[in-house]
Amino acid sequence: MASSPDRNGSLFHHQSWAEPWAHPEFPPEESPKDREKRFRQREWFMWLPSIIEQWAFRDRTWPWGYVVYRTTYSSQEDWHAALVKLDHYFWGGVIPPITRGHKPLLGQLDTYELVRAGYRNVIIEDPALDGVGVGVVFEKHRAWVAQHGFRPDNCPRFGYPLMVDEPCIRSILATTGPRGFEVSSGSWAGPYGYINILDVAEHDPEASDYDEGPFYDGCMRMELDALVRFVAQTEDYPLCEQYLGLTSIDQVLYTDGTRARIEARSMVTHRRRLNSSGFGYERQPYP
């Protein structure tokens, strides 16, 4: 499937979308520079979330979201159910201040609604991808990005695609959906699932300075409730800086969006609790 960026490079439409993305605040004929100038005159500009600043102005790739590659075709029903659940995680990740116990300031809720309205993933479905590995998706995604005149390091959408294979879809369907901040230091919560995220931006085994070892293929498992957090903080926590050395093909890296941890590849769903330090959390296979 091909995308159709507008004349300014923004990804306003993709064939996997039922209709082109549209919003009165983002007319396709307006340049990002003119849009930022107009936004600066709005009462809510000072409360713009980082997602809008990065994607709409600097990277010029609004609407925001990921490229999602489907590599399992065993069940159309399961696939659609997984996409619905992923949408819930995205919408649940855009949390306005009022739900965090703080009184929203003038314009804050407007900007968070703008972020929610701007969410749109690009879905890549091709039966030829059924059962393919990470390497094939790397190649296909690099070609897709280059086709539209971008580089993988231009923005998170191009640098970090998602991949849904059979274990991943089983993991997504096993979760009960986003539940907020219920994890405590004294109790285990779950089940939690994951989605594969690929480091196309930095992972390159052919590079002369490559030092990530033979067991890492550029793919981590990202917590589903970290999807929004990661796109908002990619520059601070790129996957290449989260990398930890793997010593076996049976190991895989799980990331909460800011830091990674080595786990068994066989762990498809897990439960977790905050660790004693209050930073990060521990995981155990579920059930």
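How far is the sulfur of Cys 219 from the closest cysteine sulfur, and which residue holds that one? Select both cysteines in this predicted model and check: the partner is Cys 168, and the gap is 8.7 Å, too far for a bond. The structure as a whole has zero disulfides.

While those two are highlighted, colour by accessibility. Cys 168 is buried, at 0% relative accessible area. Cys 219 counts as buried too, at 9%.

Next, the core. Select Phe 39, Trp 62, Trp 64, Tyr 66, Ile 195 and Ile 197: these have the most contacts inside the largest nonpolar core, a set of 72 residues. Now show helix α3, residues 76–93, which supplies the largest share of that core with six residues. In soluble globular proteins, nonpolar side chains tend to be buried together.

Zoom in on Trp 64 and bring up its surroundings. Beyond its neighbours within four places in sequence, Trp 64 touches Ile 51, Trp 55 and Phe 90, among others. Its contacts also include Gly 118, Tyr 119 and Arg 120, along with Arg 157, Val 228 and Val 231.

Last stop: the cavity. Select Arg 70, Thr 72, Tyr 73, Ser 74, Ser 75, Asp 78, Glu 166, Ile 169 and Arg 170 to see its lining. Helix α7, residues 166–174, gives the most to that lining, with three residues. Colour by residue type and you'll get two nonpolar, three polar and four charged.

How values were computed. Residues numbered from 1 in each chain as written. Predicted model: local features only at pLDDT ≥ 70, side-chain atom pairs only at ≥ 80, totals over all residues. Heavy atoms only, no water. Disulfide = S-S within 2.5 Å. Buried < 20%, exposed > 50% of the residue type's maximum accessible area, 1.4 Å probe, protein only. Core = buried A, V, L, I, M, F, W, Y, C linked by side-chain atoms within 4.5 Å. Helix = DSSP H or I, 4+ residues; strand = E, 2+ residues; numbered from the N terminus. Contact = heavy atoms within 4.5 Å. 1 Å grid on protein atoms, 1.4 Å probe; cavity = no way out; pocket = protein on both sides within 12 Å on 5 of 7 lines; lining within 4 Å. Nonpolar A, V, L, I, M, F, W, Y, C, P; charged D, E, K, R; others polar.
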